[in-house]
Amino acid sequence: MNFSRSHTAAISVEGLTKRYGRTTVVDQLSFTVRSGAVTGFFGSNGAGKTTVLKAVAGLVRPTAGRVLIQGAPVVSDARVLGVHIEPCGAHPGRTARAHLRTLAVLAGLPGARVGEVLDLVGLDHAAEVRVGTFSLGMRQRLGLASALLGDPEILVLDEPVNGLDPQAIRWLRTLIRERAERGGTTLLSSHILSEAARTVDDIVIIDKGRLVRSDTVDELSQGGGSLEDVFHDLTGGRGA
């Protein structure tokens, strides 16, 4: 499937603020994700990355501000937005196939898509295995299969390479880049900056819930520093 490239931003985060009691996790954050681009979303541990991604996915209600998906309020259409935020969400007693079948029914997707995504993420051999026996890497693949079930125009992935071996990381990088070539959009977070730098077109870096830099990779490289160098300088050396 080829995805349409719109002049409207795929994702717009506008003045997003999220507080839990007296603690402000995200503070008036604004950025956009270009349609057809792969955007890396980076920040130190505790910077608010997962909270922002959950707000984009409609899993967290902002205290203030808003998120738009293709210019409209957050949608739950699996054909538009596919989300993988750990954990994979499958019941440990269910098989991978049963989990995906349930998601397909709820999303109004054809059952045949289940076998397609199992094959796509390399879990076809484990389709009838209970999720409770899966390794971390297999759970990651199942989460990715769930996100890809609707062949969505936009993917939101939180630490998708966590637990994957080098071969699987390469496979995922290829998948994301091929989707971008067909007009698909991806917003992903990662703490492995050297790997992310090989995948993304644009970067968004936050610190303590606030935006500290938003650029294209080309603009970043003109400064002569690597993504790791820039991240270190902007966050005071705190780990991603």
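# Close-up views of a predicted model

**View 1. Helix α1 and its buried residues.** The buried residues of α1 are Lys49, Thr51, Val52, Leu53, Ala55 and Val56. The model shown here is a predicted one. Helix α1 covers residues 49-56. Six of its eight residues are buried, so the helix is largely enclosed by the rest of the structure.

View 2. The UniProt record, an unreviewed entry, places the feature "domain: ABC transporter" at residues 11-233.

**View 3. Asp27 in strand β2.** Strand β2 runs through residues 23-33 and holds Asp27. Is Asp27 buried or exposed? Its relative accessibility is 19%. Buried means under 20%, so Asp27 counts as buried. Leaving out residues up to four places away in sequence, Asp27 touches Leu16, Thr17, Gly209 and Arg210. Leu142 is 115 residues from Asp27 along the chain. The C-alpha atoms of Asp27 and Leu142 are separated by 32 Å.

View 4. Ser35 sits in the loop between β2 and β3, and β3 spans residues 38-43. With a relative accessibility of 17%, Ser35 counts as buried. Lys49 is 14 residues from Ser35 in sequence. In space, their C-alpha atoms are 20 Å apart. Lys49 is also one of the buried residues of α1.

**View 5. Gln70, a positive phi in a loop.** Gln70 is not a glycine, yet its phi is positive, at about 50°. Where does Gln70 lie? Gln70 is in the loop between β4 (64-69) and β5 (72-73). A relative accessible area of 36% makes Gln70 partly exposed.

View 6. Asp151 lies in the loop between α4 and β7, where β7 covers 154-158. Its phi is near 45°, a positive value in a residue other than glycine. Is Asp151 buried or exposed? Asp151 counts as buried, at 18% relative accessibility.

**View 7. His99 in helix α2.** Helix α2 spans residues 96-107, and His99 is part of it. The relative accessibility of His99 is 7%, so His99 counts as buried. Neighbours within four places in sequence are left aside here. His99 then contacts Cys88, Gly89, Ala90, Leu142 and Ser146.

**View 8. Helices α2 and α4.** The axes of α2 and α4 come within 10 Å and cross at roughly 25°. Angles under 35 degrees count as roughly parallel, and α2 and α4 are therefore roughly parallel to each other. Their crossing is right-handed. Helix α2 makes the contact through Ala96, His99, Leu100 and Leu103. Helix α4 contributes Leu142, Ala145 and Ser146. The residues of the contact of α2 with α4 divide into five nonpolar, two polar and no charged.

**View 9. Helices α2 and α3.** Helix α3 covers residues 112-120. The axes of α2 and α3 come within 9 Å and cross at roughly 130°. The two helices are therefore oblique to each other. The crossing of α2 and α3 is right-handed. Which residues meet here? Ala96, Arg97, Leu100, Arg101 and Ala104 of α2 meet Val114, Gly115, Val117 and Leu118 of α3. The residues of this contact of α2 with α3 divide into six nonpolar, one polar and two charged.

**View 10. Helices α4 and α5.** Helix α4 takes in residues 136-148, and helix α5 takes in residues 166-181. Their axes come within 13 Å and cross at roughly 10°. Helices α4 and α5 are therefore roughly parallel to each other. The crossing of α4 past α5 is left-handed. From α4, Arg141, Leu144 and Leu148 take part in the contact. They meet Ala168, Trp171, Leu172, Leu175 and Arg179 in α5. The residues of the contact of α4 with α5 divide into six nonpolar, no polar and two charged.

How values were computed:
Residues are numbered from 1 along each chain as its sequence is written. This is a predicted model: local features need pLDDT of at least 70, side-chain atom pairs count only at pLDDT 80 or more; totals for chains, interfaces and linings use all residues. Side-chain values use heavy atoms; hydrogens and water are left out. Helices (H or I, at least four residues) and strands (E, at least two) are DSSP runs, numbered from the N terminus. Buried means under 20% relative accessible area, exposed over 50%, partly exposed in between (1.4 Å probe, protein chains only). Contact means heavy atoms within 4.5 Å. Axes are lines fitted to C-alpha atoms, for helices over the stretch in contact, and angles run from 0 to 180 degrees between N-to-C directions. Angles under 35 degrees count as roughly parallel, over 145 as roughly antiparallel, 65 to 115 as roughly perpendicular and the rest as oblique. A crossing is left-handed if the near helix is turned anticlockwise from the far one by less than a right angle, and right-handed if clockwise. Ala, Val, Leu, Ile, Met, Phe, Trp, Tyr, Cys and Pro count as nonpolar, Asp, Glu, Lys and Arg as charged, and the others, Gly among them, as polar. UniProt positions are given in the numbering used here, feature names are shortened, and annotations may be inferred rather than shown by experiment.
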